[in-house]
Amino acid sequence: IFAAMFCVVFVPCLAEIGVRQFRASLKPLMAAVVMTVLLALPYAYAYVGARGTVGTRSIEEFQRYSASLTNYLSAPQANRFYGSTAITDIVLADEMNLFPGIVTALLALTGVFGSKSRSRYPYVVGLIFAIVMTAGANGVLHGWLFEHVPLFRALRSPARFEILVLLCLAVLSACGMAALLDKIGSA
């Protein structure tokens, strides 16, 4: 579900990087859509079946697992450098410590503002969208989806959208590293 939502925003942004590149990516994109649907169908079926047995998630549970700025500043307790920032509540610890690391954040910022590659734009849009979605009840979009789209009531943790935050950060960090290496190489 997270991947499908992400693709609704991300894939149209790919058209912005150039018509030729977009056309070249259509076949792989279609293959990815088919594979995503085929892989998601068993999970969707299980969610629908579970809803009839156990019901849907409560708004309180949805709120508990909605990310805030504090979560993005909290690293897992096992992190040697930033473990003191951890949320240690036994229920939340595994899912709500979302700090990606300073180097990752700095390289991603360098990728956003220092890279000349147009291919970074879809990842910038994807990053913003994924962060908005992790906010869950603390934001607008995911909260609205929870209230109006029954499938979203089956999802417990909006903060898990952070997987896609990390994907975008990884690509933007690579763009940042490439920009830095270009500067070093031309110096």
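Me: Which helices each supply at least two residues of the lining of the largest pocket in this model?

Reply: In this predicted model, the helices that each supply at least two lining residues of the largest pocket are helix 1 (2–14), helix 2 (19–54) and helix 9 (162–186). Helix 2 gives the largest share of that lining, with 13 residues.

Me: Where does the second largest pocket lie, in terms of the residues closest to its centre?

Reply: The second largest pocket, with about 330 Å³ of space, is lined by 17 residues, and A105, L109, L127, I131 and L169 are the closest to its centre. Two or more lining residues come from each of helix 4 (69–72), helix 6 (102–114), helix 7 (121–134) and helix 9, with helix 6 giving the largest share, five residues. Its lining has 17 nonpolar residues, and neither polar nor charged residues occur in it.

Me: How many cavities of 30 Å³ or more does the structure hold, and which residues line the largest cavity?

Reply: A cavity differs from a pocket in that the probe fits inside but cannot get out. The structure holds one cavity of 30 Å³ or more, and about 40 Å³ of space lies in the largest cavity. Around the largest cavity stand Y47, V48, R51, P150, L151 and A154, a lining that divides into five nonpolar residues, no polar residue and one charged residue.

Me: Turning to the cysteines, how many disulfides does the structure hold?

Reply: A disulfide is a covalent bond between the sulfur atoms of two cysteines. The structure holds zero disulfides. For C7, which is in no disulfide, the nearest cysteine sulfur is that of C168, 10 Å away. C168 is likewise in no disulfide, and its nearest cysteine sulfur, that of C13, is 10 Å away. A pair of cysteine sulfur atoms would have to lie within 2.5 Å to be counted.

Me: Are C7 and C168 buried or exposed?

Reply: The general idea is to compare the relative accessible area with two cut-offs, buried meaning under 20% and exposed over 50%, with partly exposed in between. C7, with a relative accessible area of 35%, is partly exposed, whereas C168, at 0%, is buried.

Me: Where is Q77 found, and is Q77 buried or exposed?

Reply: Q77 is found in the loop between helix 4 and helix 5 (93–96). Its relative accessible area is 57%, so Q77 is exposed. With residues up to four places away in sequence not counted, Q77 touches G83, A86 and T88. As for distance, Q77 and Q63 are 14 residues apart in sequence, and their C-alpha atoms are 22 Å apart in space.

Me: How can these details be set within the whole chain, and what does its secondary structure come to?

Reply: The secondary structure of the protein chain comes to nine helices and zero strands, and the C-alpha trace spans about 65 × 45 × 25 Å along its principal axes. Of the 187 residues in the protein chain, 35% are buried. Among contacts with a separation of 6 or more, 76% are between residues 24 or more positions apart. The chain exposes about 11500 Å², and carbon and sulfur atoms supply 68% of that area.

Methods:
Residues are numbered from 1 along each chain as its sequence is written. This is a predicted model: local features need pLDDT of at least 70, side-chain atom pairs count only at pLDDT 80 or more; totals for chains, interfaces and linings use all residues. Side-chain values use heavy atoms; hydrogens and water are left out. On a 1 Å grid over the protein atoms alone, a cavity is a set of points where a 1.4 Å probe fits but cannot get out, and a pocket is an open set with protein on both sides within 12 Å along at least five of seven lines; lining residues have an atom within 4 Å of a point. Grid points are joined across faces, edges and corners, and a volume is the space filled by probe spheres set on the points. Ala, Val, Leu, Ile, Met, Phe, Trp, Tyr, Cys and Pro count as nonpolar, Asp, Glu, Lys and Arg as charged, and the others, Gly among them, as polar. Helices (H or I, at least four residues) and strands (E, at least two) are DSSP runs, numbered from the N terminus. Buried means under 20% relative accessible area, exposed over 50%, partly exposed in between (1.4 Å probe, protein chains only). Contact means heavy atoms within 4.5 Å. Accessible areas come from the Shrake-Rupley method with a 1.4 Å probe; for residues, only the protein chains shown count as cover.
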